[in-house]
Number of protein chains: 2
Amino acid sequence: MLLYQDPRAPNPRRVRIFLTEKSVPFETIEILIANRAHQTEEFRSKNPIALLPVLELPDGRILRESMAICRYVEELHPAVNLFGNDAWERAQIEQWNRHAELELLYPIGQVFRNTNPFWVGRIEQAPAFGEIMRNVATERMAWFDRELSKREYLAGDRFSVADITLLCAIDFGKPSNIRIDAAALPNLARWYQLVNSRPSAKA
Amino acid sequence: MLLYQDPRAPNPRRVRIFLTEKSVPFETIEILIANRAHQTEEFRSKNPIALLPVLELPDGRILRESMAICRYVEELHPAVNLFGNDAWERAQIEQWNRHAELELLYPIGQVFRNTNPFWVGRIEQAPAFGEIMRNVATERMAWFDRELSKREYLAGDRFSVADITLLCAIDFGKPSNIRIDAAALPNLARWYQLVNSRPSAKA
């Protein structure tokens with residue numbers, strides 16, 4: 001399996017951590033957004049909307065979208081289960097994975113896109129929206145902190161794909177100076193320490 | 001099953017159409033965003049972040065997030081399959097469902113939130129971001145049109161949850177005057193006619 005990815009982008013990282021947790025071997029091709037490599041005609045032949053990650057299978061089939069890739073890998077390699085073992089657990093993990101993505105990874109991504117100098121001249125920015133999203137991200141981190149006072153991992157008592165998404169979301173706050181204040185958010189800080197110390201976090 | 005929902009909001013509609021396609025009976029409780037009913041303490045006891053839809057099971061368990069609800073229902077009622085019959089079809093449907101959500105429903109939702117008078121005094125708006133998202137939505141509709149020249153439905157040759165998401169995205173463009181130009185986007189217009197004529201579209 002071949003993963004087209006950017007080492008600094010959060011969605012490819014979700015897939016790298018996922019594959020590493022499952023001990024599924026994969027090769028990578030770097031498509032650096034900083035070099036506009038995702039906008040070349042060659043890469044657009046893999047993904048017309050120029051987004052990462054893209055998975056290429058040995059037979060040449062292409063699969064896009066981080067969670068479509070992870071779900072497909074889960075079906076081929078079910079041994080280390082990361083999406084849930086029964087219908088209710090799968091529903092819980094899906095709920096929390098979507099919360100982590102839509103309520104934190106997305107807002108933090110919008111802060112970066114709309115306020116960071118990296119994007120000047122690359123996309124049209126709306127700094128006011130970035131600041132609105134910064135407030136949303138702060139509120140949501142406080143909510144995740146309260147939730148994590150009730151259980152060890154985001155979706156229950158064991159590690160799942162929802163933890164991968166939340167980890168990638170929080171780390172993607174770094175360039176926007178969105179960090180966990182451990183004094184104010186002790187449960188989120190405890191969880192972060194737990195998940196970030198897994199070897200897969202370096203994938 | 002009890003669905004907390006707003007009849008005008010796109011994510012509850014995704015679930016209503018899904019349940020209707022599967023002939024799964026459900027009751028609804030209207031939580032009208034226009035009346036701020038989603039922000040009451042009572043509703044926040046169902047969902048602390050005040051979002052719709054929420055599903056309440058007969059035993060009192062709560063499930064949030066449109067796609068977590070739909071996936072759970074698919075497992076309980078697999079007969080009319082809407083998420084895919086094998087690993088590769090499930091991956092394709094997930095990919096296209098996410099494309100429909102992240103590349104069209106989300107941008108169109110941001111146009112509405114950031115430019116519509118409905119939200120004045122309710123949320124902080126960033127009209128410039130709304131206009132950026134209007135351009136994104138227009139570009140993405142052209143892309144969906146090209147894709148729909150290759151096959152009958154969004155994710156393949158049969159109806160799936162990805163079509164539900166795309167239908168709800170496009171219809172949610174109405175209050176922002178984002179519509180399908182049938183002359184410019186004949187494939188998307190053909191697909192819309194096909195999917196919008198299903199009885200479930202009125203759910």
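## Packing of helix 6 in chain A

Two residues are in contact when their C-beta atoms, placed from the backbone, lie within 7 Å. The model examined here is predicted. In these terms, the buried residues of helix 6 of chain A pack against helix 1, helix 3 (66-76), helix 4, helix 5 and helix 7 (186-196) of chain A. Helix 6 of chain A is mostly covered, with 10 of its 11 residues buried. These buried residues are Val161(A), Ala162(A), Asp163(A), Ile164(A), Thr165(A), Leu166(A), Leu167(A), Cys168(A), Ala169(A) and Ile170(A).

The packing of helix 6 (residues 161-171) of chain A against helix 4 (residues 87-115) of chain A can be described by an angle of about 10° and a separation of 8 Å between the axes. The angle is under 35 degrees, and therefore helix 4 of chain A counts as roughly parallel to helix 6 of chain A. Helix 4 of chain A contributes Ile93(A), Trp96(A), Asn97(A), Ala100(A), Glu101(A), Leu104(A), Leu105(A) and Ile108(A) to this contact. From helix 6 of chain A come Val161(A), Ala162(A), Thr165(A), Leu166(A), Cys168(A) and Ala169(A). By class, the contact of the two helices consists of 11 nonpolar, two polar and one charged residues.

## Relation between the two chains

The same surface serves both copies, since 100% of the contact residues of chain B recur in chain A.

Contact between the chains involves 25 residues of chain B and 25 residues of chain A. On the side of chain B that touches chain A, strand 4 (62-64), helix 3 (66-76), helix 4 and helix 5 of chain B each supply at least two residues. Helix 4 of chain B gives the most to this side, with eight residues. The class composition of the side of chain B that touches chain A is 14 nonpolar, two polar and nine charged residues.

## Helix 5 of chain B

Helix 5 of chain B comprises 21 residues (residues 127-147). At 1.5 Å a residue, the helix should span 30 Å, and the 30 Å between its end C-alpha atoms agrees with that expectation.

The buried residues of helix 5 of chain B are Phe129(B), Gly130(B), Ile132(B), Met133(B), Arg134(B), Ala137(B), Arg140(B), Met141(B) and Phe144(B). An α-helix has 3.6 residues a turn, so residues three or four places apart point the same way. What covers the buried residues of helix 5 of chain B includes elements of both chains: helix 5 (127-147) of chain A, and helix 4 (87-115), helix 6 (161-171) and helix 7 (186-196) of chain B.

Leu148(B) is placed in the loop between helix 5 and helix 6 of chain B. Leu148(B) has 21 C-beta neighbours inside 10 Å and therefore counts as buried, the threshold being 20 or more. Not counting residues up to four places away in sequence, Leu148(B) touches Leu154(B), Asn187(B), Leu188(B) and Trp191(B). Leu148(B) and Leu82(B) are separated by 66 residues in sequence and by 18 Å in space, C-alpha to C-alpha.

## Backbone exceptions and exposed loop residues

Most residues other than glycine have a negative phi, and most peptide bonds are trans. In chain A, the peptide bond from Leu52(A) to Pro53(A) is cis, with omega near 0°. Pro53(A) is found in the loop between helix 2 (41-44) and strand 3 (54-56) of chain A. In chain B, a cis peptide bond with omega about 0° joins Leu52(B) and Pro53(B), and Pro53(B) lies in the loop between helix 2 (41-44) and strand 3 (54-56) of chain B.

Ser23(A), which is not a glycine, has a positive phi of about 55°. Ser23(A) occupies the loop between helix 1 (10-21) and strand 2 (27-30) of chain A, and counts as exposed with 10 C-beta neighbours inside 10 Å. Arg36(B) likewise has a positive phi, near 60°. Arg36(B) is in the loop between strand 2 (27-30) and helix 2 of chain B, and is exposed, with 12 other C-beta atoms within 10 Å. Asp59(A), in the loop between strand 3 and strand 4 (62-64) of chain A, has 5 C-beta neighbours inside 10 Å and counts as exposed. Asp59(A) and Ala128(A) lie 69 residues apart in sequence and 46 Å apart in space, C-alpha to C-alpha.

Notes. Residues are numbered from 1 along each chain as its sequence is written. Chains are lettered from A and ligands numbered from 1 in the order in which they are written. This is a predicted model: local features need pLDDT of at least 70, side-chain atom pairs count only at pLDDT 80 or more; totals for chains, interfaces and linings use all residues. Helices (H or I, at least four residues) and strands (E, at least two) are DSSP runs, numbered from the N terminus. The expected span of a helix is 1.5 Å times one less than its number of residues. Axes are lines fitted to C-alpha atoms, for helices over the stretch in contact, and angles run from 0 to 180 degrees between N-to-C directions. Angles under 35 degrees count as roughly parallel, over 145 as roughly antiparallel, 65 to 115 as roughly perpendicular and the rest as oblique. Ala, Val, Leu, Ile, Met, Phe, Trp, Tyr, Cys and Pro count as nonpolar, Asp, Glu, Lys and Arg as charged, and the others, Gly among them, as polar.
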